[in-house]
Amino acid sequence: MQIFIFIALVMLMLGSYMCLYRLAKGPTAPDRTVAIDILGIILVGFCAMLSILRGEDYYMSIALAWALLSFIGSVALAKYLEGKEFDE
Amino acid sequence: MNEYIGIAMISIGIVYDIFGCLGLVRLPDVYTRLQAATKAVTMGTSLILIGVAVYAGIGAISAKAIICMFFVLLSSPAAAHAIARGAHSSGIRVERVTAEGLIGRTIESELWDIIREGYEFEKDYFDHMLESSPILDLEESMSSHELYKRISEILGQRVNRPPDIIQAKLIEREKECTTALAPELAIPHIIVEGEKTFEMLIIRTKNGSWFSESSPNVHAIFVLVGTKDKWHLHLRTLAAIATIVQTENFYENWLKAQDTDRLRTLLRERSKLRHEKKKGKSTPDNGVSRR
């Protein structure tokens, strides 16, 4: 079972490297915003996998917090792209 | 048993995640990347979280995983929509990726009609002529005599006159005074016998063609052939061309266009700007800014 979870973690890392590639390459600001959004969601899955690997539930709390923050961050960046103030 | 079900779900979720990320890397523009990555990754991560909940059994981990899954399912489409909207209003365009074979002239012109109806402007004579005139895209550089020969062959067919006459007239016209109006633009225009004929031929020469000492590198050539009674159209067409070539970055885009259809689309777009300027209407760049 352990080996399977390790493989799964490696695969998710591969996915997040792809996001990082898009984040670095761009070419436009919305491309980077999409990459950050997707990276956040993948890391939620990553934290969930860690929590069953270690059998600790606080990893799941990290995932929950991360999901919340990544959503807020994405929406804020999208508002920024739209060229508006955040309270509009 | 629970472990195996959980692992199966996690595996499926990871496959979705990887394909979503692959889409993020491989696809050509923001919108396609967004639609591939968001949907697949949301699905994948939700499956991973359900898998984790099943694997861990009832307890703190599974409770948090379920809450987290609902949150991801709710928030990720909303974030994607916000990003797409932001990208659209910051002026990112959809990349043209449709296979060449699928873009027939019909689709192009239908789309163009729809856009025109949206902006409510009327076609004037120049727009009609733009649709029907042939566009020639020359890769190799030609001497002006070869160029005149090609022009007179094509135009001879369209106006039903022998090509020799047209060629002779073009050469004569060029001798009188050069037709190259700007370093990159030439508008040779001749008058033929008869009546009720007016034709335009648009030529793009990628490597430039030699017209005179002062304009050795002409890229855009508009040849006008008309009879005496259509003289007013001649002047109006000249005015339209003059307005079009003065629009922003016209020559750059003119050289960048990949084929004759794109060239025609470029001219159409610029012609549309001309109408909007005439109306004195501010140009709404996209639908979003209109509330």
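Three salt bridges are counted between chain A and chain B. A salt bridge here is a side-chain nitrogen of Lys or Arg within 4 Å of a carboxyl oxygen of Asp or Glu. This is a predicted model, in which local features need pLDDT of at least 70, side-chain atom pairs count only at pLDDT 80 or more, and totals for chains, interfaces and linings use all residues. Residues are numbered from 1 along each chain as its sequence is written, chains are lettered from A in the order in which they are written, and side-chain values use heavy atoms, with hydrogens and water left out.

**Stop 1: the interface**

Select A:Asp57 and B:Lys64. They form a salt bridge, with the closest N and O atoms 3.3 Å apart.

Now show the helices of chain A. Helices are DSSP runs of H or I, at least four residues; strands are runs of E, at least two; both are numbered from the N terminus. Color H2(A): the largest share of that side, 15 residues, comes from this helix. By type, the side of chain A that touches chain B has 30 nonpolar, nine polar and seven charged residues. Nonpolar covers Ala, Val, Leu, Ile, Met, Phe, Trp, Tyr, Cys and Pro; charged covers Asp, Glu, Lys and Arg; the others, Gly among them, are polar.

In contact (heavy atoms within 4.5 Å) are 46 residues of chain A and 49 residues of chain B. The two chains bury about 3800 Å² between them, 80% of it on carbon and sulfur atoms. Buried area is the accessible area (1.4 Å probe) that two parts lose on being put together, summed over both.

**Stop 2: chain A**

Of its 88 residues, 45% are buried, meaning under 20% relative accessible area; exposed is over 50% and partly exposed in between (1.4 Å probe, protein chains only).

**Stop 3: chain B**

Switch to chain B. Expect ten helices and six strands. Of its 291 residues, 47% count as buried. Contacts between residues 24 or more positions apart make up 70% of those in chain B with a separation of 6 or more.

**Stop 4: B:Leu22**

Zoom to B:Leu22, in helix H1 (residues 2-26) of chain B. Why does B:Leu22 count as partly exposed? Because its relative accessibility is 37%.
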